[in-house]
Amino acid sequence: MTVKDVFVSAPGKAILHGEHAVVHGKVALAVSLNLRTYLRLKGTTTGNVCINLPNIDTFLCYDLSELKQLIPVSCGKREEGKPLDAELVRKLREFIGVTNGNLDTCNMATLSFLYIYISLFRSSELPSLTVSVWSELPTGAGLGSSAAYSVCLASALLCASGAIPAPLKESDQSARWCQEDLEQINSWAFQGEMIIHGNPSGVDNAVGTWGGMLRFLAGKIIPLSRVPLLRILLTNTNVPRSTKVLVAGVKDKINKFPSIMTPVLDSVDAISCTCEKILSEMTCEPITGEHYNILEELIDMNQHHLNVMGVGHPSLDTLCQVTLTKGLHSKLTGAGGGGCGITLLRPETDSSVVQTTVQDLKDCGFDCWETSIGGPGVQQHSPLSVKEEVLEILNRY
Ligand SMILES: Nc1ncnc2c1ncn2[C@@H]1O[C@H](COP(=O)(O)OP(=O)(O)O)[C@@H](O)[C@H]1O
Ligand SMILES: C[C@@](O)(CCOP(=O)(O)O)CC(=O)O
Ligand SMILES: [Mg+2]
């Protein structure tokens, strides 16, 4: 069986409020970024499955006959939305040489790819193909690179398996799937996130799938269509961390101090709801300085709560202090423990202030850039419509 080529991309995300709390059934507000992950899938006749992941320096090829041995005997095709198939995960861990402990960067990426690939093709014939992925997002820094990767894998492999159609028409540059297909993509991407995050809330893959700004609560996704244009500065402290480890740490703290942590989670929930209310007011009445004052106070309060949860880091404290000297308010975004933070810029914040803030943050060893938010969710592309620099990298494989 030879599968058709497919080229897809999905955006990263920033969480305005509700990271970690969302894993425990609280509200999160998240927004897509204009930084994307691109995946090219090529059908081949080599009898191999190859995966090229230049961002993490991983280039692997497997023989189809080896992979066939891993198909669990237990049952046929698995439906999306179910818990992970424990037998398949065990066999795959053994196959890639992980016997115990946490998976490293390369193992997590390989395991989630092989898991989705085998799950989707197990009841037919495993096809020979090459998947190459390149991302504009920093990996493991809180901007949802794992979800963008999982959404790209899910959409391309679902398309290649024929489970969903390729939406791109000959004359199109890019195209999106219908709601029903997006739900399937989101569901399979969630399985990829389960492998990478351990216990994901599902907010990151929802943003990667649908794009824009959304409110997420216990698996329920509500797109926020009327939101004000926000200016946000993104800072990467370049301190590496793992979402899986941080999420597990918060769970331990909740188990150890339930009466202390429950009010903290409830307070974060109230912060997300208050932020949502303010954002909605800003779209239907004139925007005032007071709206921004409240948004800034919410950012400060949430950052303190995230420190209480144990997901702060000295580098993130530095980010908050440096920006505050310019009157700007910051919080971590994503899992914390290093990685990225967001800084809210007010409409009147002068570009000279932004420039000096960026320079001060760069002097701390951070990367810093003003970003636009609310880009489209997962898309299929005609390769000709993809940015030259991305094509150039993916064409090497
Ligand atoms: N472009 C990519 N190529 C390969 N693997 C990726 C890529 N982006 C993300 N990943 C996988 O996701 C992991 C990072 O996920 P995570 O710790 O959740 O951080 P993030 O905040 O970036 O989502 C990486 O270790 C890797 O396994
Ligand atoms: C901490 C959390 O709320 C967000 C993690 O985002 P990221 O992987 O750090 O980009 C976890 C989750 O929602 O699954
Ligand atoms: Mg992640």
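Predicted model: local features only at pLDDT ≥ 70, side-chain atom pairs only at ≥ 80, totals over all residues.
**View 1. Helix α2 packs against α3.** Helix α2 covers residues 86–95, and its axis lies 10 Å from that of α3, at an angle of about 130°. Angles over 145 degrees count as roughly antiparallel and those from 65 to 115 as roughly perpendicular; α2 and α3 are therefore oblique to each other. From α2, the residues that meet α3 are Leu88, Val89, Leu92, Arg93 and Phe95. On the α3 side they meet Leu111, Leu114, Tyr115, Ile118 and Ser119. In this contact of α2 with α3, 8 residues are nonpolar, 1 is polar and 1 is charged.

**View 2. Helix α4 packs against helix α5.** Residues 145–161 form α4 and residues 179–197 form α5. The two axes are 8 Å apart, and the packing angle is about 135°. α4 and α5 are therefore oblique to each other, and their crossing is right-handed. On the α4 side the contact is made by Ser146, Ala147, Tyr149, Ser150, Val151, Ala154, Ser155 and Leu158. On the α5 side it is made by Gln184, Ile185, Trp188, Ala189, Gly192, Glu193, Ile196 and His197. Sorted by class, the contact of α4 with α5 has 9 nonpolar, 6 polar and 1 charged residues.

**View 3. Helix α5 also crosses α6.** The axes of α5 and α6 come within 9 Å, and the crossing is at roughly 145°. The crossing of α5 and α6 is right-handed. Gln179, Leu182, Glu183, Ile185, Asn186, Ala189, Phe190, Glu193 and His197 of α5 take part in the contact. Their partners in α6 are Asp204, Asn205, Ala206, Thr209 and Trp210. The contact of α5 with α6 has 6 nonpolar, 5 polar and 3 charged residues. Ile185, Ala189, Glu193 and His197 of α5 are listed in the contact with α4 and also in the contact with α6.

**View 4. The largest pocket has a volume of about 770 Å³.** Its lining has 45 residues, and those nearest the centre of the pocket are Thr139, Gly140, Ser145, Ser146 and Ile196. Ser146 of α4 and Ile196 of α5 also belong to the contact of these two helices. At least two lining residues come from each of β1 (6–17), α3 (105–121), β5 (129–135), α4, α5, α6 (203–210) and α7 (243–256). The lining of the largest pocket has 19 nonpolar, 20 polar and 6 charged residues.

**View 5. The second largest pocket holds about 340 Å³ of space.** It is lined by 20 residues, and Lys4, Asp5, Val6, Ala166 and Gln380 are the closest to its centre. β1, β2 (28–43), α4 and β13 (379–381) each give at least two residues to the lining of the second largest pocket. Both β1 and α4 also supply residues to the lining of the largest pocket. The lining of the second largest pocket is made up of 10 nonpolar, 4 polar and 6 charged residues.

**View 6. The whole structure contains 1 cavity of 30 Å³ or more.** The volume of the largest cavity is about 120 Å³. There are 13 residues in its lining, with Leu16, His17, Leu230, Ile299 and Leu344 nearest the centre of the cavity. At least two lining residues are supplied by each of β1, α8 (258–284), α9 (289–308), β10 (329–332) and β11 (340–345). β11 gives the largest share of the lining, with 3 residues. By class, the lining of the largest cavity has 9 nonpolar, 3 polar and 1 charged residues.

Notes
Residues numbered from 1 in each chain as written. Chains lettered and ligands numbered in written order. Heavy atoms only, no water. Axes fitted to C-alpha atoms, helices over the stretch in contact; angles between N-to-C directions. Helix = DSSP H or I, 4+ residues; strand = E, 2+ residues; numbered from the N terminus. Parallel < 35°, antiparallel > 145°, perpendicular 65-115°, else oblique. Left-handed = near helix turned anticlockwise from the far one by under 90°. Contact = heavy atoms within 4.5 Å. Nonpolar A, V, L, I, M, F, W, Y, C, P; charged D, E, K, R; others polar. 1 Å grid on protein atoms, 1.4 Å probe; cavity = no way out; pocket = protein on both sides within 12 Å on 5 of 7 lines; lining within 4 Å. Points joined across faces, edges and corners; volume = space filled by probe spheres on them.
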